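Here is a short briefing on one protein model.

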Amino acid sequence: MAAAGGRTLGRSSFSRATSNPVASSSGASGVKIGPNGAAFVSSGIPDLDRILGGGFLLGSVVMIMEDADVPHHLLLLRCFMSQGVVHKQPLLFSGAMKEPRLFLGTLPAPVSSSKEDGRYRAMGAAASSDGQANDEGLRIAWQYKKYFGDDSRAEHKDNKQEFSNDFDLRKPLERHLLNGQNIECVSIQDADTLSGLQDCCTSFLSKLPRKDGGSLTAGRIAIQSLCAPQCRYFEKDWDMVSFIRSLKAMVRSSNSVAVITFPSTVLSNSFCKRWQHLADTLLSIKAIPDEDKDLAKLLTGYQDMVGFLRVHKVAQTNSQVPVILEASTLSLKLRKRRSLVLERLNQAPVDGSSGPSSAASSSCSSQGSQLDF
């Protein structure tokens, strides 16, 4: 298309945006605006943010189905809480324990980028020696740029936090990050009803009203094992469903995200289905049986695998286009026993009841029941 002054416009109808809308920020720390105007907060796991299309949708309820054998759901919950603490976002934690504040001591610390900056400085020093070293340094720097992103973090020291950090699960979060922040802890073990927890959520969310325009202040709610057997309201199924409905309505009209983990095995099938329908984003964790030799033969990197993560439902807003995932079942790995990584399975897992299965039979079984692994 030619302009009035004889100049040619270099932008077509397929490239209207000058920047990537997903990478644009809303002005608040830890909040990212998606391509359709939806706001996201990070789950604390970069791979999970990428799989979900940006992270956890602001104003949504995320539910995680626990595995009765192993507490792998705590890995996701800790990363979610640590990411909020790093971004200095208000946090409300509720757990079925007498001293829930002690759980803050288990939150992992973000991985420092000083090692990566050291690589860039070392390459810069080697590049200044002669021309050949300069070319080699540029080539290596380009390779590292592909894996670590743009090196503007080393050049522009603006102390801006990353949207999603990598966390070291072996290193606890520093205490000074927990002091002076809006962090509330509530114990639901001694509560006869859920009214006390509901009042705490109401008071917490009243400080985070939804605003149109301006900077956003996102809050996070983390509830561990909502229907745990040690809670006194364990057998009051309808009270728990009513609580989830009211929490979902409050979160929807506020700038916050609520993550709830629950052991699905302690619920009846009908109520477990209700809980799953109430979730905006539904995930589930499945542990790997010990000494599973069939899986060890089929899957690469089996030594680092601790379980499977299944994505059943992804929250949507401002869009009628369904979310199509590249893979709904992913392997949950602990790389070097400290870094949480999600990877696509290279081959179909083995069904113990029917023997080794092919990829075709696995896809057919997944279509028949969405909640089976």
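Which residues of H7 and H8 meet? Leu197, Gln198, Cys201, Thr202 and Leu205 of H7 meet Phe243, Ser246, Leu247, Met250 and Val251 of H8; contact means heavy atoms within 4.5 Å. This is a predicted model: local features need pLDDT of at least 70, side-chain atom pairs count only at pLDDT 80 or more, and totals for chains, interfaces and linings use all residues. Residues are numbered from 1 along each chain as its sequence is written, and side-chain values use heavy atoms, with hydrogens and water left out.

**Helix pairs**

- Helices (H or I, at least four residues) and strands (E, at least two) are DSSP runs, numbered from the N terminus.
- Helix H7 (residues 195-205) packs against H8 at an angle of about 5°, and their axes are 10 Å apart.
- Axes are lines fitted to C-alpha atoms, for helices over the stretch in contact; angles run from 0 to 180 degrees between N-to-C directions.
- H7 is therefore roughly parallel to H8. Angles under 35 degrees count as roughly parallel, over 145 as roughly antiparallel, 65 to 115 as roughly perpendicular and the rest as oblique.
- The contact of H7 with H8 has seven nonpolar, three polar and no charged residues. Ala, Val, Leu, Ile, Met, Phe, Trp, Tyr, Cys and Pro count as nonpolar, Asp, Glu, Lys and Arg as charged, and the others, Gly among them, as polar.
- Helix H8 (residues 237-252) also packs with helix H9 (residues 269-278), at an angle of about 5° and with axes 11 Å apart. That makes H8 roughly parallel to H9.
- H8 brings Asp237, Trp238, Met240, Val241, Ile244, Arg245 and Lys248 to this contact, and H9 brings Phe271, Arg274, Trp275, His277 and Leu278.
- By class, the contact of H8 with H9 has seven nonpolar, one polar and four charged residues.

**Nine-stranded sheet**

- Nine strands form an open, mixed sheet in the order S8-S5-S9-S10-S4-S11-S12-S13-S14. Two strands pair if DSSP finds at least two bridges between them.
- Strand S8 (183-187) and strand S14 (339-344) are the edge strands, and each pairs on one side only.
- Neighbouring strands of this sheet are turned by 20° against each other on average, direction ignored.
- Strand S4 (residues 61-66) pairs with strand S11 (residues 281-287) in the parallel sense over four bridges. Met63 stands opposite Leu282 in S11.
- H8 lies across S4, strand S9 (219-224) and strand S10 (256-263), and runs at about 160° to S10.
- H9 packs on the sheet and touches S4, S10, S11 and strand S12 (305-313). The direction of H9 makes about 145° with that of S4.

**Three-stranded sheet**

- Three strands form an open antiparallel sheet in the order S1-S2-S3.
- Strand S1 (31-33) and strand S3 (56-57) stand at the edges with a single partner strand each, so one side of each has no neighbour in the sheet.
- Strand S2 (residues 39-41) pairs with S3 in the antiparallel sense over two bridges. Leu57 in S3 is the bridge partner of Phe40.
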